[in-house]
Amino acid sequence: MTNAPEAAAVLAGSATKGVNGVALAVFVFFFLAVTVMGFLAARWRKADESANLDEWGLGGRSFGTWVTWFLLGGDLYTAYTFVAVPAAIYAAGAAGFFAVPYTILVYPLIFTFLPRLWSVSHKHGYVTTSDFVRGRFGSKGLSLAVALTGILATMPYIALQLVGIQAVLDVLGIGGGANTNWFVKDLPLLIAFAVLAAYTYSSGLRAPALIAFVKDGLIYLVITVAIIYIPIKLGGFDAIFHSAGKALSQPGAVPGKPRGELVSGPNAQWAYATLALGSALALFMYPHSITATLSSRSRNVIRRNTTILPLYSLMLGLLALLGFMAIKAGTDIQGNPQLAIPQLFEDMFPSWFTGVAFAAIGIGALVPAAIMSIAAANLFTRNVYKDFLKPDATPAQEHKVAKLVSLLVKVGALVFVLTMDKTVAINFQLLGGIWILQTMPSLVGGLFTRWFHRWALLTGWAVGMLYGTLAAYGVASPTQAHFGGSSKEIPGIGEIGYIGLTAFVLNVVVSVVLTFALKAAKAPDGIDETSPADYTADAGDRGVVVELPPATAGAPAGH
Amino acid sequence: MTQSAAPPDRRPVITPTRVIAGVCLIAPFVAMLWVSSYARVEPTLIGIPFFYWYQMAWVLISTVLTMVAYKLVQREQRARKGGGSQ
């Protein structure tokens, strides 16, 4: 979405504009408050024995309805979402609104699938989805594939959170000028990052859980104010959509085509629907959604949450409309649509409230970034380190490795953001969505049936990954030769659709056909360590202890 | 969970309650993926095109539907547990 000259223009623009002192002060104030909370979180609901992965990586599996709500909300609706969704609306109109049906569809899916995962994970002490896949199919190879896909898909997601913070810092005027030394230029981001890394390291999942309260409080406040105050200032929704419709019908970047449309035209509807469905399926496969889910106290906490989480979707819908307001207000985006919302806020709000709004976005980046790095660290520790490198690792060693990996993952994301163009992070995030969707047959298939053969699932995964990556590589856009978008013609149907979903269908077909073949050939099936009752067990049932002893993290139960 | 107390579940997997809960959970998919049913500007609501307010209205509708499904599933589970362990 941005190329080098544009980025340079952004930096130059922010340098000439100067620093917004009041906004910066408010921003720094909230940032410091959150930092203190992050470190204090280590003592919140602390267990007696805390040096294990259940405590650090899942918050002791103790979170009730409200904490889980803030955690999942803080996790799924990231700073990048707040910047990118209105930016997409600003750039192309209706197409960007797919985020709303997408988040509507996520909850029925979570309602149906994740309580089963919670039960079986609680019963067997699974910390990650790969733990479950290993236990269910008795295949370390399949488990490794799921783990690596998860880590690979999460890294660019963390990088994008840093991109979100950068957008805010740019508009605040402390993004640095084109001529400043790179170190000075990136110093604010480095500080934000160091703070995040430090408290995630010391407090684990408890830190983002606690900070999520502040983040969401601020976000709800800002959105409510924005959605009432800005339309009044701009002359009402009638005026906003009128001028947005006009602006979108102007010629866009693709010659001969308008910039966008106010409602999805017949040619865009397949893409709209498949993107919504594919993204919904992908979202709850992401390691960070699973980590937040598994940290809840009981099955019912998850189900109850699916009835209150849509409040965030409503907020997202309102937020998306801000994209149209930015069009109407004639916000100067300096060539970068990502700046539309931060800039709109700065133009519309008094300085002090701009600071509040920016703090909301900034903190909104820290929460998911922390959860994502914890989720990736859990995956690495359990499914690479323990399964392949050091099978006899003690819970204390797992804990230590996970903490270190959470640091490494974040440093990786930081290097990514600082050394490469933002478009690279966005491209990889797009690929990540396609990739993570390919783990679904193993996970969801496994939750409901043991019919699939492990080798068939592994092959299906490989085919889906390969097709998805190649197809995405082949998509060109006006500014990019490759990875220009996530939609492409669906083979056999001829409509434009989301690549991830096409790859997923291919994946399922391969898995089904090969399972038939492998069963006919009597290929050895792995050992399933779970039993049907494990999938419906709830805390408090007979044989299901509420508090898992730390040792379960080390020895898989059942065998 | 109740393996020793009760014989393996002989009760049907598909019950009327579950069918209704299932319909509640599937309805949002039908409504949202059928894009041509709502891809228009009129009627507008306080100036917002139908396309946008309709989808946002579905956030609320799907919430209510999920709540109904939750209550139904919970009630059935309680009934099963009460019947199963005694």
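Tutor: Start with the term nonpolar core: a set of buried Ala, Val, Leu, Ile, Met, Phe, Trp, Tyr and Cys residues joined through C-beta atoms within 7 Å. Buried means that 20 or more other C-beta atoms lie within 10 Å of a residue's own (12 or fewer is exposed, in between partly exposed), with C-beta atoms placed from the backbone. This is a predicted model, where local features need pLDDT of at least 70 and side-chain atom pairs pLDDT 80 or more, while totals for chains, interfaces and linings use all residues. Residues count from 1 along each chain as its sequence is written, and chains are lettered from A and ligands numbered from 1 in the order written.

Student: Which residues touch the most other members of the largest nonpolar core?

Tutor: Ala276(A) and Ala320(A) do, in a core of 207 residues. Helix α17 of chain A (residues 351-389) gives the largest share, 20 residues. Helices here are DSSP runs of H or I, at least four residues, and strands are E runs of at least two, numbered from the N terminus.

Student: What is Ala276(A) in contact with, beyond its neighbours within four places in sequence?

Tutor: Contact means C-beta atoms, placed from the backbone, within 7 Å. Ala276(A) meets Phe98(A), Pro101(A), Tyr102(A) and Leu105(A), plus Met32(B) and Leu33(B) from chain B.

Student: How many residues of each chain are in contact with the other?

Tutor: 38 from chain A and 29 from chain B. On the chain A side, α6(A) supplies the largest share, 8 residues. That side has 23 nonpolar, 10 polar and 5 charged residues. For these classes, Ala, Val, Leu, Ile, Met, Phe, Trp, Tyr, Cys and Pro are nonpolar, Asp, Glu, Lys and Arg charged, and the others, including Gly, polar.

Student: What is chain B built from?

Tutor: 2 helices and 0 strands. Buried residues make up 28% of its 86 residues.

Student: What describes two packed helices?

Tutor: The angle between their axes and the distance between the axes. Axes are lines fitted to C-alpha atoms over the stretch in contact, with angles from 0 to 180 degrees between N-to-C directions. Take α21(A) (454-473) and α22(A) (499-520): their angle is about 155°, with axes 7 Å apart. They are therefore roughly antiparallel; that label needs over 145 degrees, under 35 is roughly parallel, 65 to 115 roughly perpendicular, and the rest oblique. Their contact residues include Trp455(A) and Gly464(A) in α21(A), and Phe504(A) and Leu514(A) in α22(A). By class, that contact has 16 nonpolar, 8 polar and no charged residues.

Student: At what angle do α7(A) and α20(A) cross?

Tutor: Roughly 60°, with the axes of α7(A) (129-137) and α20(A) (440-448) coming within 10 Å. That makes α7(A) oblique to α20(A).

Notes:
Contact = placed C-beta atoms within 7 Å.
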